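Please read it alongside the model.

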Amino acid sequence: FRHDRRVRILRKPNSGLTETLNFGLAHATGEFIARLDADDITYGGRFAQQVEYLDENPRCGILGSNFYVLNSHGHRVTRSKLGMLGAEECIARLRQRMPFIPHSSWMVRSSVFIELDGYQRYFKVCEDYDFSLRCSERHEIACLPGFLVGIRKHIGCVSYEPTFSQFRFGQVALLRHLGRVGIIPEVNAVPDDELLRLIDRWFTE
């Protein structure tokens, strides 16, 4: 890629994933933005399939796919069972915190990132979950049935074993969503940090 003018390598000091994602978004110029974590793999045909679907479904804001799970050597050990998911199924899975399309499989309209002001800096973890919930309030989310990415799972990777911090911030994102859509409107008056304290109290008592 060294001589391909379409490819730009951006460098910045380490400031955490959420801020780095927003940094990349600020420099992106395309109509669609595809995500991929550093140790994951995109398989051939992914971009063409996702662009075709987004072109044919203008109401879709986030499009993911099924995936293979890879070990530390890159060998496939299992695969997802999501199948084809439409907008209603995606919302149901998000609200129930069920297995969902991985961040590395996303293709998102750049206009949606702009509309939603990117990833919320408050979420040092679960930034993709929060973004998915906010996107679902205005746009459709879908998952293609094909296995278009390989997600590496091994000791040391962020998603290997969910942490209590991910649980806490995920609950804040979910409560914020439920407040915005009017299911639990009373949480709208509660600051984020107070929500975290309430979640901690509920979990420990």
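**Notes on strand pairing and the nonpolar cores**

1. Valine 69 has threonine 78 in strand 4 as its bridge partner. Strands and helices are DSSP runs (strands E, at least two residues; helices H or I, at least four), numbered from the N terminus. Residues are numbered from 1 along each chain as its sequence is written, and side-chain values use heavy atoms, with hydrogens and water left out. The model is predicted: local features need pLDDT of at least 70 and side-chain atom pairs count only at pLDDT 80 or more, while totals for chains, interfaces and linings use all residues.

2. Strand 3 and strand 4 (residues 76-79) pair in the antiparallel sense over three bridges; pairing requires that DSSP finds at least two bridges between two strands. Their hairpin has five residues between the strands, and glycine 74 there takes a positive phi near 85°.

3. With strand 6 it runs parallel, joined by ten bridges, and with strand 5 (residues 107-109) it is antiparallel, over two bridges. Isoleucine 62 takes part in both: its bridge partner in strand 6 is isoleucine 141, and in strand 5 it stands opposite valine 108.

4. Is strand 3 enclosed or open? Eleven of its eleven residues are buried, so strand 3 is largely enclosed by the rest of the structure. Buried denotes under 20% relative accessible area, exposed over 50% and partly exposed in between, with a 1.4 Å probe and protein chains only.

5. The largest nonpolar core holds 37 residues, of which Ile62, Ile101, Phe131 and Ile141 touch the most other members. Such a core is a set of buried Ala, Val, Leu, Ile, Met, Phe, Trp, Tyr and Cys residues joined through side-chain atoms within 4.5 Å. Elements giving two or more residues to this core include strand 3 (60-70), strand 6 (140-152) and helix 6 (164-180). Helix 6 supplies the largest share, six residues. Apart from this core lies another, of nine residues, among them Phe32, Cys60, Leu63 and Leu144.

6. Isoleucine 101 touches Ile62, Gly64, Ser65, Leu82, Trp106, Ile141, Ala142 and Cys143, residues up to four places away in sequence not being counted. Contact here means heavy atoms within 4.5 Å.

7. Arginine 176 lies in helix 6 and is buried, with a relative accessible area of 14%. Leaving aside residues up to four places away in sequence, arginine 176 touches Val187, Asn188, Val190, Pro191, Asp192 and Leu195.
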